[in-house]
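Visitor: I have a model to go through. Please show it, and then I will ask about some details.

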Amino acid sequence: MTGQVLLFFCLLSVGSVLGQVSYTIPEEMAKGSLVGNIAQDLGLETKRLASGKARIYTRDSDEYMELNRERGVLLVKQRIDREALCRQTTPCALHFQIILENPMEFYSVTVQITDINDNSPTFEESEIKFNISESAVIGAKFVLERAEDLDVGINDLQTYELKPTDNFALKLHNIDGNKNVEMVLQKPLDREKQEQISLVLTAVDGGEPQMSGTMLIVITVLDVNDNAPVFTQPTYKATVTENSPKGTVVATVTASDADQGSNGKVTYSITNKFDEIKKSFHMNKANGEVTLIGNIDFEKSRSFQINVRASDDGGLTDSCKLILDVQDVNDNKPEINIMSKSTVISEDAKLNTVVTMINIEDKDSGENGKVQCFINENLPFALKTSTNNFYSLVTDSDLDRERATQYNITVTCSDEGVPSLSSSVTLTLQISDVNDNAPVFERSSYEAYIVENNTPVLSIFTVKARDADWNQNARVSYILEDSSVNGVPISSYVSVSADSGVIHAVRSFDYEQIKDFQFRLKAQDGGSPPLSSNVTVKIVIQDQNDNPPQVLYPVQTGGSVVAEMVPRAADVGYLVTKVVAVDVDSGQNAWLSYKLQKATDRALFEVGLQNGEIRTIRQVNDKDAVKQRLTVIVEDNGQPSRSVAVIVNVAVADSFPEVLSEFTDFTHDKEYNDNLTFYLVLALAVVSFLFITCVVVIISVKIYRWRQSRTLFHSNLPVIPYYPPRYSDTLGTGTLQHVYNYEVCRTTDSRKSDCKFGRAGSQNVLILDPSSTGTMQRIQSEKSILDEPDSPLEVRLI
C-alpha cells in the first residue's frame, strides 16, 4: 500500500504560508515506498520545492520520511515499526513540517501509521502450574495469565481457547477494554483418578492471517482447600506524583480467605507481563502494599494498570486490578526548536518580514504545559504566533544599520506551572547595509589660507566627509566641481585628491593679482546609485613682502635735474617738499617710513618719519650752500623689509639766476644713453649761444626778452611735477588716498606771448637741464593745455 487518502488541506496566512496535509500508510512499508504526492496535495509546483530548498523538519531525532524535491513526493526513508513507535497508543502518527525558503513558508504534515498483523499473541510464561484441591467446588474460578498482543484493533488479541475441556471451561471478562480469562471448574476433581491435569490455553487474534500463541497449564490436584482468597473490590484506583522518591507506598490491596491455617494464608503477587511494571513497582507478598522502586515520568506514562493475584496455600486464587494514575508536576522546561532562521537581513527590509520560525514544546500537561513566549524589549522585532506552539519572528519597525549593525534577540518561553519554568535562546541577526546615507562634510564651509609665491603642488589643507554607511557605500571620493575664477578654470588653481581630500595648489599665487577665490567640492560615495553632498571652499591669499616701495614724487630722471626752491628767508619748519611713495603690498608690508640717509647739510633738513615731509630744522642763512643734495630712504614694515632710495635736490636761493650757475655742475649718472649725451652737447651749445647773445643785445630790453622767450620755447627741459603746499598727509600708509594739487607752467599762445605765471605767493620748483645756461620756468599749475587758463588742477589718486 503506497499513499493513502488525503484527509484535509488548509492554508493560513500568519506572516508566512501555513498548510496541513495528512496521509495514512501501513507499518512495515519498504524503504523508498511512496507515501504521497506532497507537491500536488499542497498545491505547489515541483520547481518551487527545488527553488525553496524544501526540507523536512521534525523534533524527533529519527526521520522516517524523506522528501524527493525533483518528483515532489514523500517517500519512506526507513522501515516503520508501529509497535516500537507508538506501542498501544492509537492512532499512531508521525508529525513533521515541510520548510521552504525564499519566501519562508512551512506546512504541517501528518502521516498516520496503521497496524498490520505482524505480532502473534504471547504469554509471559510458556507454562503455568496450579495446585487445586480436590474439594474445589464446581464453578471455582482460576485466573489465568493474559496473553499480550502488540498489535491493535482487529489485529489485537480477540479470544482464548482451552483444550481439553473435560474438567474446566474458559470464561472471558472484558474489563476496561482488556480481556481477562478465567478457568472455571465444570466437573469435580478426583485426585485419586487424576492427580495431574495438563491443559493448553490458546490466545487467538483477529488479523489476516490469524495468529495465535499457547501456554501449557499444569494442574496438580490437592486435597481439601475449598475456599479461595477474595479481594475486597475488583478494581483499585490510586494516584502517584511523578518523580516521587523510591520506597513510596502508592497503594494497598486486600484479599481474605475463609480457610484457616495454611489454606487461609494469602500471598499477593503482580502478574503483569511487561518489565516496565515490575521494574517500577514492588508488591509486598504478605500485606499487599505496592511500593515504588523505579522512576516514573508523567511524560512517558500517564497511568499504570497493575494486575494483582491473591493465592492461598491451597492453590486457590483471586485477582484484581490496580489503576495507578500519575500526576504531573512542572518538571519540564519549554523546548525551543529553531525551524528555520535568517542570519542576515537588509536594513531596508519591509515590515512583517519573517526572520525566524520557532516551534515550542512543553512535555508537561495542563497549566504546566501552557507556554507564552516573548522577546527582549526595545527591538524592531515582534514575535507572532501562527498556530499552537509555532511562532514567527518578524520585523516590527524600520531597520537602520547606522543605529545598530546587529541584534542579539533573546527569545524567552515560560510555562504557567507553579513554579514557572522557562528557557531561552539568543539569535544573532546581522543587518546588511544599503546606500541610504550621503557623505557629510565636517563643516558647512571651509576657509583656508595660503601665503603668496607658494610652490606649485603645495598641500593647502584637507577636507573630510564622513559617510554613515558601511564598506563600499561609505567609501568617499572627492571631486572638484567645474567653475572658473576670472574666466580661468578652477582646475588651473587647485586640485583635490580623490581619496584623501587633500587640496593642492596647482600654481603659484600672487596676492597683488588675486586676493581670494572660492570653489565647490563634491563628496561622493561608492554606492549604487551613488549619493553626494557639496561644500564651498574659500582660499584666501596672504600677502608677502615681495614688492619694494615705489616713489611717485619726486620723479627720478636721468635727463634733467629737479630742484626744490627754498628762499633764504625760510623759517624753521619750512616745508621744502614731500616724498610720496606707495607699496603695492598690504597690511604692515605697505606701512612706509622715511629716513634721511645723506644730506649736504644734515643740520638744515629733516624728513618726517611717517609722512615723508622734508622741512627745515633751523633758520636758513647766507652761509648755506645754494646746492643741497638729500638722499631719503623709503622703507616698508615687512619682514624682511624692503626699501628704495630717492635723491632730492634743493636749491637755497631767492632767485632763479642765482640757482642756474650752481646747478650746471650737477653730476649725472654715467649710464646715460646715446640720446642723452646728444642733448647734453646741444645744451652746452645753446648755453654758449645764449651767453654771447645776452652780451650783444643788452642794448635792447625788448630784444632780450624776445630772445628769452624764444629760448624758453625751444628748451628741451621736461615739465616736472611740483608738490604744492596744499598736500594731505598719507599717514604713512604708502597709498595716495587724498587730494593733491599740482602746478604746471605753460604758455597761452605758442611763441608769441610771454609766460603766464601762477598765483602770487605760490612755491617754486626749479627745473634745470644741464645744457641750459639759465632758462627758468615758474611752475604754477600742472594742467592740460586744453584746460581753462590760470585754473588749478586737482588730481585725486585713490
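Visitor: Is Tyr446 buried or exposed?

Guide: This is a predicted model, where local features need pLDDT of at least 70, side-chain atom pairs count only at pLDDT 80 or more, and totals for chains, interfaces and linings use all residues. Residues are numbered from 1 along each chain as its sequence is written, and side-chain values use heavy atoms, with hydrogens and water left out. Buried means under 20% relative accessible area, exposed over 50% and partly exposed in between, with a 1.4 Å probe and protein chains only. Tyr446 has a relative accessible area of 5%, so Tyr446 is buried.

Visitor: Which kind of pair do the rings of Phe441 and Tyr446 form?

Guide: Rings of Phe, Tyr and Trp (its six-membered ring) pair if their centres lie within 6.5 Å; planes under 30 degrees apart count as stacked, over 60 as edge-to-face and the rest as tilted. Phe441 is buried too, at 9% relative accessibility. The ring centres of Phe441 and Tyr446 are 6.2 Å apart and the planes stand at 75°, so the pair is edge-to-face.

Visitor: And which kind do Phe509 and Phe517 form?

Guide: Both of these residues, Phe509 and Phe517, are buried. Their ring centres lie 5.5 Å apart with the planes at 40°, so the pair is tilted.

Visitor: Which residues do ring pairs link into a cluster with Phe441?

Guide: The structure holds 14 aromatic pairs. Ring pairs join Phe441 in a cluster with Tyr446, Phe461 and Tyr478.
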